[in-house]
Amino acid sequence: LPPSSCLAMVTLQPLDRGDVAALQAVRSWLRDGAPSTKPSFFSSWNFSYDPCSFEGVLCDHSAAGGASRVVSLNLGSAIAGSAGLRGRLHPALGSLSELLQLSLSPGRVAGLIPRTIGQLCKLQNLGLSHNRLAGTVPPQIGDLKRLIGLDFSFNRLTGGVPESLAALPSLISLGLAHNRLGGYLPASFSGAMALEQIDLRRNSFMGALPTTLPPSLQRLILSHNKLTGTLHPILSAPQLTFIDLSRNQLSGMIPAQIFSLPSLSSLLLSWNHLAGDVAPNDSVRISTLDLSFNELTGSISPRFAFVQNLLLNNNRFAGEVPAQFAEELLAASMKTLFLQHNYLTGFPPVAAESLPLTASLCIRYNCMPPPVDSLCPQNAGSQSIRPSDQCIP
């Protein structure tokens, strides 16, 4: 055949010996989670062949030094319904020095997170969620200056959040939810200048909120902890779009400036000890605002009339409900209005048949008969009106 029709042959370099040894060690400590009719995750891991062909292994064949290097290791099948893997993570993971991504599919991998992961200086994404990992979060992970995403959620980790994690300059997402972590949060996250999401829900953190949050932060989720103190640190993050601090022990008044955060769409502060009057500076345009189960007092501001889902139940609000609330309900702009278990004395005239089908309204157990018979949530109780002796001025 003439030269123009010949196919160029590309010879791939063999995998670096150190990477081969590391993969062999990793494999020796892991096994498939449960018998399956499908091929096991490790069925392709035959070291008589090129490890770069193994499931979950991605190599860079143009790496400096001639030999190929592992740049991505995804342990376990991502197929829905997979039982995942069992066993432990081998410290040899720290020898895969060119690794950019390390992930572990949901399964039953237990034991400690190897401290050697802190040696993976090029690592950008680290996901080990939904397993049974225990022990503390290795502080050495704070040495991973290129790390963008970290997710250790849904494990059995204990201890606190290393201060070094709160200063990772490239970190965008920090996920440690659903663990057994506790102690105090880092005093400041100001060193994590790229951070957009913090999710530490369902742990046992105590003490105050960090005094300084990064201005880049968009989602702050710290619900189901034991946090105390006030809400004022939130104001250091003006780009927040989603805040969930429900089911903590936060106290004090709600700063009016929080309602004016320009991008905020959800503010969830239920089940705390927040008290005092609630007085926004301007009309509140938040989509979902949940202030239920607190100790808030005073009258309800008409500036909340433009909130789509407004939950103010189980507080100590008194007086009459602003007429604008009924107008927005009838216009179907307001979808949910929960005012049950307060001390309200009046509600604008509304006919039940005029309410849109999309409206959820509950005003049970106040100092007035409910003006309409509406469908309330299960925790609203069966009594329609508060006893008169509780409503004496």
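Reply: Let's start with two terms: helices (H or I, at least four residues) and strands (E, at least two) are DSSP runs, numbered from the N terminus, and two strands pair if DSSP finds at least two bridges between them. This is a predicted model, so local features need pLDDT of at least 70 and side-chain atom pairs count only at pLDDT 80 or more, while totals for chains, interfaces and linings use all residues. Residues are numbered from 1 along each chain as its sequence is written, and side-chain values use heavy atoms, with hydrogens and water left out.

Me: Thanks! Which strands pair with E5, and in what sense do they run?

Reply: Strand E3 (residues 69-75) pairs with E5 in the parallel sense, over four bridges. E5 is also joined to strand E7 (residues 125-127) by three bridges, and these two run parallel. Take Ser103 in E5 as a landmark: Ser103 is the bridge partner of Asn74, and Ser103 also stands opposite Gly127 in E7.

Me: Now the cysteines. How many disulfides are there?

Reply: A disulfide is a covalent bond between the sulfur atoms of two cysteines. Here the test is a pair of cysteine sulfur atoms within 2.5 Å, and the count comes to three. With the bonded cysteines numbered in sequence order, the pairing is 1-2, 3-5, 4-6.

Me: What does each link look like?

Reply: Let's go one by one.
- Cys52 and Cys59 have sulfurs 2.1 Å apart; the link is left-handed, with -95° about the S-S bond, and both residues are buried.
- Cys362 and Cys376 have sulfurs 2.0 Å apart, and this link is right-handed at 100°. Cys362 sits in strand E27 (residues 360-362) and Cys376 in the segment after E27, 14 residues apart.
- Cys367 and Cys391 have sulfurs 1.9 Å apart, in a left-handed link at -85°. Both lie in the segment after E27, so the pair ties together parts 24 residues apart in sequence. Cys367 counts as buried at 17%, but Cys391 counts as partly exposed at 26%.

Definitions and conventions: Buried means under 20% relative accessible area, exposed over 50%, partly exposed in between (1.4 Å probe, protein chains only).
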